[in-house]
Amino acid sequence: MSPTSLDAWKHLEQHRDAVSAMPVRQLFADDPGRFERFSIQLDDLLVDYSKQHITAETMARLADLARATGVDAARDRMFAGARINTTEDRAVLHVALRRASPGAVLVDGRDVMPGVRAARAHLSQFAGDVRAGRWTGATGQRITDVVNLGIGGSDLGPAMVVDALTPYGREGPRLHFVSNVDGAHLDETLRLVRPATTLFIVASKTFTTQETMANARSARAWLVAALGEAAVGRHFVAVSTNAAAVEAFGIAAANMFGFWDWVGGRYSLWSSIGLPIALAIGAAGFDALLAGADDMDRHFETAPMAGNLPMVLGLLGIWNTNFLGAETHAVLPYDQYLRRLPAYLQQLDMESNGKGVTREGTPVNVATGPIVWGEPGTNGQHAFYQLLHQSPRLVSADFLAAAEPAHGLPAHHPLLLSNFFAQTEALMRGKTLEEARAELAAAGLDADAVARLAPHKVFPGSRPTTSLLYRRLDPRTLGRLLALYEHKVFVMGAVWGINSFDQWGVELGKVLASRILPELDAPAEATGHDGSTNGLINHARRLRGQ
């Protein structure tokens, strides 16, 4: 059933017109307790959504929609290990990877937790050995650099976390991430490292991912040219489930770190795919990251809807996307260490919820999956905030910041925070034409100049933002934040009635690429595609001298 056919959806459509007519600055003026009413705190993490274009009635009606679409039941089925990824007939149990409580987690009646704990112990032992110098390269030298070869979820999550937790990884090896099949990515990385002290992680569940294996073969050739074939086993490990292919590559089975088909790629940093994280910040740091995610899992599973952070953020996402018409959502971390968070959340959200059919295979009749993008503050202020403030386009946004910096220049932090607070206030308040005229007149401009310039200084305001503020960006806090966003995406998908855990949209291009690849070096020109594709292939062949 489409959610648009529900009374709860229709009631929200009727309610929208009344709310839209009330500026958010007026809602604050009318309600001195608005901040307390529309903010939620989980330990030191404060989520303030009072600057969203909502009233108490909005939230009550959104809760009705969640109940009508069975969000609670869908959540409970996920935690219970049901096969909610229906098109691939799989359970969705990334939550089991960070589970701290001793109870069982069942898939088809079998407890998966012993395997999870064994995989985590294997990862922790290896990370400790590398960091302590017990695992050395073929020449006996200590590992100083680790290169992760992966793509998509096997790259974005670990790369983002290692970057975000840089202050906690200064005692470990240097981490490098190569994902793009463009040879420039690997070539430039290899220029930074030495064969004798470099460890490669080949992260591919099937050990057949085209981009990853192309990079792995080139990295292997680079190593063998310097140290010989026998060195491969000391300089390569794998995160995979294909033991035969891993051993054929030259990696011992003992150095393969496994995971399961119920771990989706974009949810896999909590699994053995997180090996680079443990190498960077240590097993204890990785455990703290998992513990933070488990904190949020328990909160999502048990907190009442009105105080449930993923529920609230997910329902606000529905409100902004489907009722207020925000086609894009900006993620704006006021934290340079989180510079890769927007890209990570882009995959999490758009690959999960960018779907055109429901779980039953019928077309959806609402917008799904907002376009997610962003950049750290304050850089973004000097790039695209102009559009956020004054364009007719409505963009919803999340602002994230730590109250205490993790770097060694604390005098900068008040300047950063002042911009964080000012931007959300400006986006909410805006500036009326009357205020613009008064401001210009007070600056001494004559009447003609005031009339000419005032329209350019009007800000509509009522731009929906949520602020996430926490004490410090440490592993546990980051774990909470990432799990919060995972569950937010889940809530939105459940309301839309789509499968948030498959990604068939990435398959067609892969199939066509495999067909085109041999045509690039074939003796005859390409003719088997549309006119544009044939023309592009053949022009590239001519430019390459064929």
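This note sets out numbered points on the backbone, sheet, helices and salt bridges of a predicted model.

1. The sheet. Six strands make up an open sheet of mixed pairing, and their order is S1-S2-S13-S12-S10-S11. Strand S1 (39–42) and S11 are the edge strands, each of them pairing on one side only. On average, and with direction ignored, neighbouring strands of this sheet are turned by 15° against each other.

2. A strand pair within the sheet. Strand S12 (residues 395–402) pairs with S13 in the parallel sense, over six bridges. Ala-401 has Leu-469 in S13 as its bridge partner.

3. A helix on the sheet. H15 packs on the sheet and touches S10, S11 and S12. The direction of H15 makes about 175° with that of S11.

4. Helix H14. This helix covers residues 309–323. Its 15 residues should span 21 Å at 1.5 Å a residue, and the end C-alpha atoms are 20 Å apart, which agrees. How many of the residues of H14 are buried? The count is 15 of the 15, so H14 is largely enclosed by the rest of the structure. Gly-325, which follows H14, has a positive phi near 85°.

5. The packing of H1 on H14. Two packed helices are described by the angle between their axes and the distance between the axes. For helix H1 (residues 7–20) and H14 the angle is about 75°, and the axes are 11 Å apart. Angles from 65 to 115 degrees count as roughly perpendicular, and H1 and H14 are therefore roughly perpendicular to each other. On the H1 side, the residues that meet H14 are Trp-9, Leu-12, Glu-13, His-15, Arg-16 and Val-19. Their counterparts in H14 are Ile-318, Trp-319, Asn-322 and Phe-323.

6. Backbone features for the reader to inspect. Most residues other than glycine have a negative phi, and most peptide bonds are trans. Where is the cis peptide bond? The bond from Gly-377 to Thr-378 is cis, with omega near 10°. Thr-378 is found in the loop that runs between strand S11 (371–374) and helix H16 (385–390).

7. Positive phi at Asp-89. Asp-89 is not a glycine, yet its phi is positive, near 55°. This residue lies in the loop between helix H5 (71–79) and helix H6 (94–97). With a relative accessible area of 47%, Asp-89 is partly exposed.

8. Positive phi at Ser-462. Ser-462, also a residue other than glycine, has a positive phi of about 60°. Its place is in the loop between helix H19 (447–453) and strand S13 (465–470). Is Ser-462 buried or exposed? Ser-462 has a relative accessible area of 13%, and because the limit for a buried residue is under 20%, Ser-462 counts as buried.

9. The model has 31 salt bridges. One of them joins Arg-98 to Glu-486, with the closest N and O atoms 2.8 Å apart. This pair links distant parts of the chain, 388 residues apart: Arg-98 is in the loop between H6 and strand S3 (106–107), and Glu-486 is in helix H20 (residues 475–496). Arg-98 and Glu-486 are both buried.

10. Asp-163 and Arg-339 form a salt bridge in which the closest N and O atoms are 3.0 Å apart. The partners are 176 residues apart, with Asp-163 in helix H8 (residues 156–164) and Arg-339 in the loop between strand S10 (328–333) and helix H15 (341–353). Asp-163 is buried, its relative accessible area being 15%, whereas Arg-339 counts as partly exposed at 39%.

11. The side chains of Glu-439 and Lys-431 meet in a salt bridge at 3.0 Å, N to O. Glu-439 is partly exposed, with a relative accessible area of 38%, while Lys-431 is buried at 19%.

Conventions: Residues numbered from 1 in each chain as written. Predicted model: local features only at pLDDT ≥ 70, side-chain atom pairs only at ≥ 80, totals over all residues. Heavy atoms only, no water. Helix = DSSP H or I, 4+ residues; strand = E, 2+ residues; numbered from the N terminus. Expected span 1.5 Å × (residues − 1). Buried < 20%, exposed > 50% of the residue type's maximum accessible area, 1.4 Å probe, protein only. Salt bridge = Lys/Arg side-chain N within 4 Å of Asp/Glu carboxyl O. Pairing = 2+ DSSP bridges. Axes fitted to C-alpha atoms, helices over the stretch in contact; angles between N-to-C directions. Contact = heavy atoms within 4.5 Å. Parallel < 35°, antiparallel > 145°, perpendicular 65-115°, else oblique.
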